[in-house]
Amino acid sequence: MSKVEIKSKLPNLQTTIFTTMSQLASQHKAINLGQGFPDFPMDPLLHNLVEKAMHNGHNQYAHTFGFQGLREVLAEKINTLYCNAVDSETEITITPGGTYAISNALTSVLREGDEVIYFEPCFDSYVPNIKVMGAKPIAIPLNFPDYSIPWEKVREAVNPKTRMIMINSPNNPTGTLIGLQDLEQLNEITRGTQILILSDEVYEHIVFDGEKHYSILSHTELFERSFVAFSLGKVCHCTGWKIGYSVSPAYLTKEFRNHHQFNVFSVNTPMQVAMAEYLSEPQTYLQLPKVFQDKRDFFAKEMENSIFSPLPSKGSYFQCFTFPENLGDNSRKVALDLVEKVGVALIPVSAFYQEETDNKVLRVCIAKKEETLREAARRLTNLSYGI
Ligand SMILES: Cc1ncc(COP(=O)(O)O)c(C=O)c1O
């Protein structure tokens, strides 16, 4: 076969650790606490609402900005939760998932040579999407073990090429939250500059122990320079539906939509119509902190007698654990051993760094049924190797 010569825009990319671990999980019939998706059913009411939308003929292209009814419900939710009266007409765009909300924001504003500051460990889509725009990702490692943001390092990294700072709270993989103090630091650093912010808030409702989610949307000054990405797949336990939204002030939304209309044009209609009705009942999302906190606490209790030690998780789908030296000194290798020999797939947090940083931490997805968590904890507690 004669191949046409192409210069890869993303050379040296490997299969993601999530795909690798999920493949190994199915190969070894292991319990998959690796990839971040629920194994429990979503609310049947939402199924029925999608069916109803289809029956009622909502099967053609939706508006390119998103179904108006859904944008209105989301605007109301944002106003109630974050005291920001965003305009559903000019500031909210429905997207095919949070990943796309992030990539399309980056596509809309980044140019060759721009620098983007982000924090590691981080969600794996950020860096390739920065690079593909010809921009330069500037990694700042979070402090270990509390995963707080070293703001003095951010100040040192900022220069005239800095175009954007990306944040993520509740955080994947660390389970930490950004506080009011962090937003103030970010505001001080960006005030009077041309720096934009991209805030990934896909786990906005999954916050534990009565803590608060400090959204960029609740900070008037920061919002003026921000894109904020959300995921309805996470809110409604249907990650496979790939539906989310982006919120930004009108002048940024205009740029976002310029690209969006030629990337996907619109998002599937029946799901949007159904979500509009479903989310008009706030209890659908206000109950989420308890649902997931119960799962975190259940798993922690089941793991009490294991050799793994939990790091604090204040939100998200995730709980991190450190492991003792006798299991090994390479997280990736330990995760591979666990899936093969113990039958539990976890994700090594080292995979969320570009350069090798291994604090010997494994990430567990707690968005699973109790029986799944119980059996995984049983296997992890009764390890028969490395001890
Ligand atoms: C931090 C973070 N951002 C974005 C996403 C993507 O969300 P979606 O599935 O809606 O594309 C995820 C999914 O795991 C995530 O963990």
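We begin with an open sheet of four strands, arranged in the order β9-β10-β13-β12 with antiparallel pairing. Strands here are DSSP runs of type E with at least two residues, helices are runs of H or I with at least four, and both are numbered from the N terminus; two strands pair if DSSP finds at least two bridges between them. At the edges stand β9 and β12 (347-348), each with a single partner strand, so one side of each is left without a neighbour in the sheet.

Before going on, please keep in mind that this is a predicted model, where local features need pLDDT of at least 70 and side-chain atom pairs count only at pLDDT 80 or more, while totals for chains, interfaces and linings use all residues. Residues are numbered from 1 along each chain as its sequence is written, and side-chain values use heavy atoms, with hydrogens and water left out.

Now look at strand β10 (residues 318-322). Four of its five residues are buried (under 20% relative accessible area, with exposed meaning over 50% and partly exposed in between, for a 1.4 Å probe and protein chains only), so β10 is largely enclosed by the rest of the structure. Two bridges join β10 to the antiparallel strand β9 (residues 309-310), with Pro 310 opposite Phe 321. Five bridges link β10 to β13 (residues 361-365), again antiparallel, and there Phe 321 has Leu 362 as its bridge partner. Further along, β12 and β13 pair in the antiparallel sense over two bridges, and Ile 347 is partnered with Arg 363 in β13.

A second open sheet has seven strands in the order β2-β8-β7-β6-β5-β3-β4, with mixed pairing. Its edge strands are β2 (92-95) and β4 (136-141), each pairing on one side only. The twist averages 20° from one strand to the next. Four bridges join β2 to the antiparallel strand β8 (residues 244-247), where Val 247 is the bridge partner of Ile 92.

Which helices accompany these strands? Helix α4 (residues 98-109) lies across β2, β5, β6, β7 and β8, running at about 160° to β7; such angles run from 0 to 180 degrees between N-to-C directions, with axes fitted to C-alpha atoms, for helices over the stretch in contact. Contact means heavy atoms within 4.5 Å. In helix α10 (residues 250-263), Leu 252, Thr 253, Phe 256, Arg 257 and His 260 are buried, and the buried residues of α10 pack against α3 (68-82), β2, α4, β6, β7 and β8. Just after α10, Phe 265 takes a positive phi of about 65°.
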